[in-house]
Amino acid sequence: MPGASHEPAGARPSYSRRHQAGSGSARSLLLTVLGEYVLPRAEPAWTSTLLHVLGGLGVEEKSTRQSLARMAADGWIVAERSGRRVRWALTPHGRELLTEGAERIYSFGRDRDSWDGRWLVLIATVPESRRELRHQLRTRLTWAGFGSPVPGMWVSPHVSREAEAKQVVERLGLDVAAFSFSGPYSGIGSERTLVEQAWHLGDLAAAYEDFIQEFAGLRPEPGDPLLFAQIRLVHDWRRFPSLDPQLPSDLLPPDWIGIRAANVFNDLHQAWHHDSQRHWDTLCAAEE
């Protein structure tokens, strides 16, 4: 669920942390809560429960209510009234999207496929005057794991993603002027330099280090503190599937920190899961 921003063609992806409790952050945190606690259950969530949880994460009540209204307007959730009270249920569309996101988030970073040494190269240029189209191309190809070492060129060590790249350029109306080919790296230049220019792994490693520093030693108390810690853990981890292209081990530095960060996430999520889910049920039951 990548956010929108206007970037020049050669701009790096943003690895900065986002903790501000504005409306954008409220919607993003709400998505995390819905995916972590409402999606696994058949029961909707009371407005009061969501206000309590997001309030504990630093989101103002007004921002939470605005986010609920906007997500309902976008078809993710639907309001169910019980007297003067309201609770929120996932729509089939919202459940489908959250399920897809959960599968990607919770499995991300655990396995690295073997690599046959072939690269997929896509040439797709967009005039400077069409900045919004350039932004859409960058957003969609970055989400698909492509990197751009120079303007107009996109590369991926996953040749199987050609169909996804083709779909992107066709939907943006760029297929007439786009070209692709695949094969092994040749003798000019260095693969390591190509990787660094396309994905800036130093910045990504720093983001992983920040994640580890924040969560590795965290031991929250039971109840609200543990629930809030679990939400922050998942919320911060959610950004990495759109930042990390999941390069083969052959192209990564030795002892790649992303693997250690994935282990921290999986270990803590599993350790906190039962008690945080039980506390969510307690909060919901108190509202019945």
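Author: Helices α2 and α11 lie oblique to each other, a label for angles that are not under 35 degrees (roughly parallel), over 145 (roughly antiparallel) or 65 to 115 (roughly perpendicular). Before going on: this is a predicted model, where local features need pLDDT of at least 70 and side-chain atom pairs count only at pLDDT 80 or more, while totals for chains, interfaces and linings use all residues. Residues are numbered from 1 along each chain as its sequence is written, and side-chain values use heavy atoms, leaving out hydrogens and water.

Now the pair itself. α2 covers residues 47-56 and α11 covers 257-286; helices here are DSSP runs of H or I, at least four residues, numbered from the N terminus. They pack at about 135 degrees with axes 9 Å apart, the axes being lines fitted to C-alpha atoms over the stretch in contact, with angles from 0 to 180 degrees between N-to-C directions. The crossing of α2 past α11 is right-handed, that is, the near helix is turned clockwise from the far one by less than a right angle.

Who touches whom? On α2 the contact uses Thr49, Leu50, His52 and Val53, and on α11 it uses Trp280, Leu283 and Cys284, with contact meaning heavy atoms within 4.5 Å. Sorted by class, that contact has 5 nonpolar, 2 polar and no charged residues; Ala, Val, Leu, Ile, Met, Phe, Trp, Tyr, Cys and Pro count as nonpolar, Asp, Glu, Lys and Arg as charged, and the others, Gly among them, as polar.

Terms used: Helix = DSSP H or I, 4+ residues; strand = E, 2+ residues; numbered from the N terminus.
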